[in-house]
Amino acid sequence: MSEEIITAAATAWGYGGIAIVRLSGEGCVAAADKIYTSKTHKKLSEEPARYMALGTLRAPNGEPFDEVLAVRFERGKSYTGEEAAELHCHGGLAAAQRCVAELCRNGARLALPGEFTRRAFVNGRIDLAQAEAVAGIIKAQSDEALSASARALQGEFTAEIKKLTARLTELYAALEVDLDFPEEGEGFLAKEESAARLEELSRECAELCSRCRCGMLLRDGLRAAIIGAPNVGKSSLLNALLARERAIVTAVPGTTRDSIEETFICGGLPVRIIDTAGIRDTEDEVEAIGVGRSLRSMEEADIVLRVLDGAEEEGAAVLPRTDKPQIIVINKSDLPQRITKEEAEAHFPGSAVLCVSAKEGGGIAELKELILQTAAAGCDVSQSYSVSARQLECLARAKEAVDAAAEALKSAAGEDAALSCVSEGAAQLASLLGLDAGEELLDKIFSAFCVGK
Ligand code: GDP
Ligand code: ZN
């Protein structure tokens with residue numbers, strides 16, 4: 001084998017109890033042995049595979065620089081599928097950094113981002129869907145997001161895609177028989193039957209797409225922009241949602257001049273919440289920049305929280321409209337109210353309306369619930385798969401191809417056209433799993449990983 005030996009610290013770069021240095025590639029155990037000896041004077045290559053041994057790392061002059069736990073993995077029985085080893089150094093930067101440097105002096109080179117996982121894929125240990133699930137696990141910020149990626153890593157998502165592919169292939173064969181031996185060939189399928197099967201496949205693709213969208217939402221979260229006139233209580237609402245003092249709250253209009261962003265986890269979903277400067281005509285130049293930003297943050301948001309001051313009459317006026325999902329929040333419900341829920345509903349047809357008190361906390365839990373319902377409608381967290389945007393794209397294209405095949409069967413284009421659409425659908429599913437992935441695509445996917453993974 002001619003693969004290069006790669007090495008990197010696999011744990012986060014900073015202070016911690018241990019720092020794991022990872023090695024992979026033919027000859028990597030021998031490279032580790034250049035710096036490692038066990039307490040019983042054995043080399044790592046003399047220890048059984050997958051056995052943790054306690055030993056010392058030494059510089060070329062024989063001086064020890066760390067005491068470590070070391071383990072080796074045989075070819076075919078490691079994460080990458082290659083001969084591999086791990087040295088569990090003490091935490092902090094120095095020991096692991098030194099260890100990596102010494103290994104690089106002894107024939108290893110620094111691993112590229114995601115290179116260990118890339119090798120696992122290239123060596124057929126995992127498919128691309130699983131490799132991308134690893135990235136999702138690393139990124140997960142909640143238990144729910146973690147499960148959505150773990151399901152994909154376990155191969156559940158891959159199994160679903162393979163089932164879909166098998167049925168597309170079966171249909172392809174049947175359509176081909178129809179073309180060659182109309183009406184009589186073995187495996188003959190009536191046109192109506194083919195159409196029915198395509199419809200069912202399209203439905204299943206759509207359902208899988210929505211489960212993936214839900215998983216992506218869990219992993220990447222959503223952006224909620226708080227907008228409204230000055231002094232209606234936007235900053236207070238942000239603090240109430242975060243349940244701590246973050247934004248500066250004052251009675252002087254125009255205090256929040258820049259946007260403030262914070263994240264809270266709501267039903268497993270990271271919600272990035274943006275408190276914007278109040279929107280109004282302003283002479284103040286700095287504040288005017290803030291207003292421009294708040295309009296932009298509204299455009300970038302997945303959901304808009306439009307805050308009105310329930311104790312003031314003119315609240316609903318002037319503010320720009322949006323076609324984003326929107327919740328109307330009537331704030332200051334602890335004061336005598338001059339805007340009713342009904343008035344707000346009439347003014348913003350189609351938007352949910354809720355009365356809250358940012359100051360006293362009334363209605364805040366309901367607001368969180370409503371944010372989830374509005375932004376993640378129909379999302380069943382326990383059924384979701386956290387996949388990459390690329391994978392979702394492939395799945396959506398597969399569905400389009402299936403729909404086009406059904407369309408072709410119905411129209412004059414006929415079975416010939418349907419056949420090529422079905423084959424396109426299967427090709428999209430194959431590329432989802434990375435069966436035809438070229439170097440360029442792999443570079444793009446794995447460069448987004450961390451070094452050491
Ligand atoms: P912003 O300019 O929209 O960010 O408004 P702030 O959050 O800075 O609040 C403006 C003023 O309204 C402050 O004096 C807050 O204490 C007050 N305020 C905010 N929310 C409430 C509320 O729910 N009830 C009452 N009574 N006052 C509030
Ligand atoms: Zn503010």
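Mentor: Lys453 lies in the segment that follows helix α14 (439-446); helices here are DSSP runs of H or I with at least four residues, strands are runs of E with at least two, and both are numbered from the N terminus. This is a predicted model, in which local features need pLDDT of at least 70 and side-chain atom pairs count only at pLDDT 80 or more, while totals for chains, interfaces and linings use all residues. Residues are numbered from 1 along each chain as its sequence is written, and chains are lettered from A and ligands numbered from 1 in the order in which they are written.

Lys453 is buried, because 21 other C-beta atoms lie within 10 Å. The term buried requires 20 or more such atoms within 10 Å of the residue's own C-beta, exposed means 12 or fewer, and partly exposed lies in between, with C-beta atoms placed from the backbone. Setting aside residues up to four places away in sequence, Lys453 touches Ala10, Gly114, Phe116, Thr117, Val134 and Ile138; a contact means that the two C-beta atoms, placed from the backbone, lie within 7 Å.

UniProt, in an unreviewed entry, lists Lys453 under "binding site" together with Arg22, Glu86 and Arg125. Its positions are given in the numbering used here, feature names are shortened, and such annotations may be inferred rather than shown by experiment. Arg125 sits in the loop between α3 (115-122) and α4 (128-139). With 17 other C-beta atoms within 10 Å, Arg125 is partly exposed, whereas Lys453 is buried. Apart from neighbours within four places in sequence, Arg125 is in contact with Gly81 and Ala120.

The chain has 453 residues, of which 44% count as buried, and contains 14 helices and 13 strands. Of the contacts between residues at least 6 apart in sequence, 64% join residues at least 24 apart.

The largest nonpolar core has 123 residues, and Ala32, Ala85, Leu87, Ala224, Val329 and Ala405 touch the most other members. Helix α12 (residues 389-410) supplies the largest share of this core, 10 residues. Such a core is a set of buried Ala, Val, Leu, Ile, Met, Phe, Trp, Tyr and Cys residues joined through C-beta atoms within 7 Å. In soluble globular proteins, nonpolar side chains tend to be buried together. Not counting residues up to four places away in sequence, the contacts of Ala85 include Leu23, Cys28, Val29 and Ala32.

Val329 leads us to strand β12. Six of the six residues of β12 are buried, so the strand is largely enclosed by the rest of the structure. Gln326, Ile328 and Ile330 point one way from β12, and Ile327, Val329 and Asn331 point the other way. In a regular strand the side chains alternate between the two faces of the sheet. β12 pairs in the parallel sense with β11 over six bridges and with β13 over four bridges; two strands pair if DSSP finds at least two bridges between them. Arg306 stands opposite Ile328, and Cys355 in β13 is the bridge partner of Ile330.

The loop between β12 and α10 (341-347) holds Lys332, whose phi is near 70 degrees, a positive value in a residue other than glycine. Lys332 is buried, with 25 other C-beta atoms within 10 Å.

Helix α11 (residues 364-375) is also worth a look. Its 12 residues should span 16 Å at 1.5 Å a residue, and the end C-alpha atoms are 16 Å apart, which agrees; the expected span is 1.5 Å times one less than the number of residues. The buried residues of α11 are Leu367, Ile371 and Ala375. Seen down the axis of α11, these buried residues fall within an arc of 50 degrees, so they line one face of the helix; the arc is that of the directions from the helix axis to the C-beta atoms. An α-helix has 3.6 residues a turn, so residues three or four places apart point the same way. The face of α11 turned away from the buried side carries the exposed residues Ala365 and Glu366. The cover over the buried residues of α11 includes β8 (222-227), β11 (303-309), β12 (326-331) and β13 (352-355).
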